[in-house]
Amino acid sequence: MTLLTAVESAAAVRSGTLTAVDATRAALARIEAGVRLGAFQVVRAERALAEAAGVDARADLSTLALAGVPIAIKDNIPVAGEPMRDGSAATSATPQSADHEIVARLRAAGAVIVGITRVPELCVFGTTDSVYGVTRNPWNPERTPGGSSGGSAAAVASGQVPVAHGNDGMGSVRIPAANCGLFGIKPGSGLVPQDIGVDAWLGMSENGPLATTVADAALLLSVMAGRPELASPVEPSRPLRIAIAAGEPSPLVSLDPEWRRGLAETAAALRAAGHLVTEVRFPYDPNPLPLLARWFAGTATDAETLDGARLERRVRVHARLGRIARRAGLLKNAPVDRLRARVHGFFADYDLLLTPTLAQPGPVAGNWHERGWWANMVSNIRYAPYPSTWNLLGWPAASIPAGWHATAKVPLAVQIVAEPQPDGAGEALILSLATQLERLRPWPRVAPGFGE
């Protein structure tokens, strides 16, 4: 079967030219063919086919936004009847008793959950490997797909499913989207239900979609958010004021020239399209402690009920630092509020901000979970420093493909950021510009050798 987008697949099932069972059977065949990538923790073959038959029998089939669309769910939110391992041997293998609200919304819209995708332990780091195995980038299997939604990104970029659920606490949708040549968006605070771990890393983590097209991501986001109007983005109707910031957010970071080129070429395309494009110096916070303290503390909270002896060494250190951060009073809101005010002032002159999504290509795939905390931290900070500011502030941000890194043999990407607005208008603005960029600078939907 030809690899359909989610929009195309749902339309075909609604019209009766394709059944949900056939769409699901085709996805399961592609999952089996792509097993070497290690994208899936659980494949729900028999259950998914039974659920697809149920979709085909629904009286409201012709109205379902995601009619029969095969979808993967990241292994850190509950799917009824399946274990939620969160990449850890310390978690329970007991099946979950109920669906997460996101899963319930996807099912109600007609989606078929074909499997659960792999993550690093407790979703802490930006490579996807754990005691359960190593997940690889379909574009270059020697490299990581990123994390923590790396399994979802690998599944989509290899055409195993047209779209997948992810979530993003320090860039965990945008980082794998960038590594794998996908469009992925982290919504701003309050648009989509969270309920990730104990406290969604003090509110920094958001559920969002990974997809091969902007239209597919918009459709999935609209269902997650319960906002149908987000499903049909249109290109901007007026020139936008767009800031381009290529500067590094930390002295520890050096921007790869190829990633700089991806941003410059995207800026040139937008300028040629009539937008008001300005190169700027973005006011990153020179103090990383408010962000790092929340990252550490969120991990500590998620690990509290688990057997520490069964956690990876790098995660134990991360959690211990989180407990220290809490005792030291490093989780106060005042520094974040000051940064938010400064960034709000910056956006008074711009509609959108574009940065590189990553500073370097994703590292080599391997057993990063067996390496120490410091090695993982240095790798993460050096290669993926751009996304996390927007988790701290709770602002919407997305990653969109921006070319090809010929040396590393992986895609390039830029990050699009908007100030949050009521009723998802910030996300709608990001989707609007992304729709235009997809037309101006189209990208391959899946990695070569996959998706047939």
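Biologist: Which strand do the five bridges join to β2, and do the two run parallel or antiparallel?

Modeller: That strand is β3, residues 112-117, and the two run parallel. Keep in mind that this is a predicted model.

Biologist: Noted! Which residue in β3 is the bridge partner of I73?

Modeller: The partner of I73 there is I116.

Biologist: And which helix goes with β2 and β3 in a β-α-β unit?

Modeller: Helix α4, residues 101-108, goes with them, and the unit is right-handed.

Biologist: What other strand does β2 pair with, and over how many bridges?

Modeller: β2 also pairs with β6, residues 163-168, in the parallel sense over two bridges. A72 has A164 as its bridge partner in β6.

Biologist: How many residues of β2 are buried?

Modeller: Five of the five, for residues 70-74, so the strand is largely enclosed by the rest of the structure. Both of its faces are covered: P70, A72 and K74 are buried on one side, and I71 and I73 are buried on the other.

Biologist: Let's change topic to rings. How many aromatic pairs does a search of the whole structure find?

Modeller: The search finds twelve aromatic pairs. One of them is F282 with F346, an edge-to-face pair with 5.1 Å centre to centre and 85 degrees between the planes.

Biologist: Where in the chain do F282 and F346 sit?

Modeller: F282 is in the loop between β10 (276-279) and α10 (289-303), while F346 belongs to helix α12, residues 334-346. The two are 64 residues apart, so this pair links distant parts of the chain.

Biologist: Are those two buried or exposed?

Modeller: F282 counts as buried because its relative accessibility is 7%, under the 20% cut-off. F346 is buried too, with a relative accessible area of 12%.

Biologist: What about F346 and F347, what kind of pair do they form?

Modeller: They form an edge-to-face pair, at 5.6 Å centre to centre and with 75 degrees between the planes. F347 is buried, like F346.

Biologist: Which residues do ring pairs link into a cluster?

Modeller: The cluster holds F282, Y284, F346, F347, Y350, W390 and W395.

Biologist: While we're on rings, what lies over the face of W368?

Modeller: That's R371, at 4.4 Å from the ring centre.

Biologist: Back to β10 for a moment. Which strand do four bridges join to it?

Modeller: Strand β9, residues 241-244, is joined to β10, and they run parallel. I244 has E279 as its bridge partner in β10. Between the two strands the chain passes through helix α9, residues 257-272, and this β-α-β crossover is right-handed.

Biologist: Where does A365 lie?

Modeller: A365 lies in the loop between β11 (352-356) and α13. At 11% relative accessibility, A365 counts as buried.

Biologist: Last topic, β12. How many of its nine residues are buried?

Modeller: Seven of the nine are, so β12, residues 397-405, is largely enclosed by the rest of the structure.

Biologist: What pairs with β12 in the antiparallel sense over three bridges?

Modeller: Strand β7, residues 183-186, does. Within that pairing, I185 has A398 of β12 as its bridge partner.

Biologist: And how many bridges join β12 to β13?

Modeller: Seven bridges join them, and the two strands run antiparallel, with β13 covering residues 410-418. A398 turns up again here, standing opposite I416 in β13.

Biologist: How many residues lie between β12 and β13 in their hairpin?

Modeller: There are four residues between them, and K409 in the turn has a positive phi of about 60 degrees.

Methods:
Residues numbered from 1 in each chain as written. Predicted model: local features only at pLDDT ≥ 70, side-chain atom pairs only at ≥ 80, totals over all residues. Heavy atoms only, no water. Phe/Tyr/Trp six-rings, centres within 6.5 Å; stacked < 30°, edge-to-face > 60°. Buried < 20%, exposed > 50% of the residue type's maximum accessible area, 1.4 Å probe, protein only. Lys NZ or Arg CZ within 6 Å of the ring centre and 35° of its normal. Pairing = 2+ DSSP bridges. Right-handed = clockwise from strand over helix to strand, strands pointing away.
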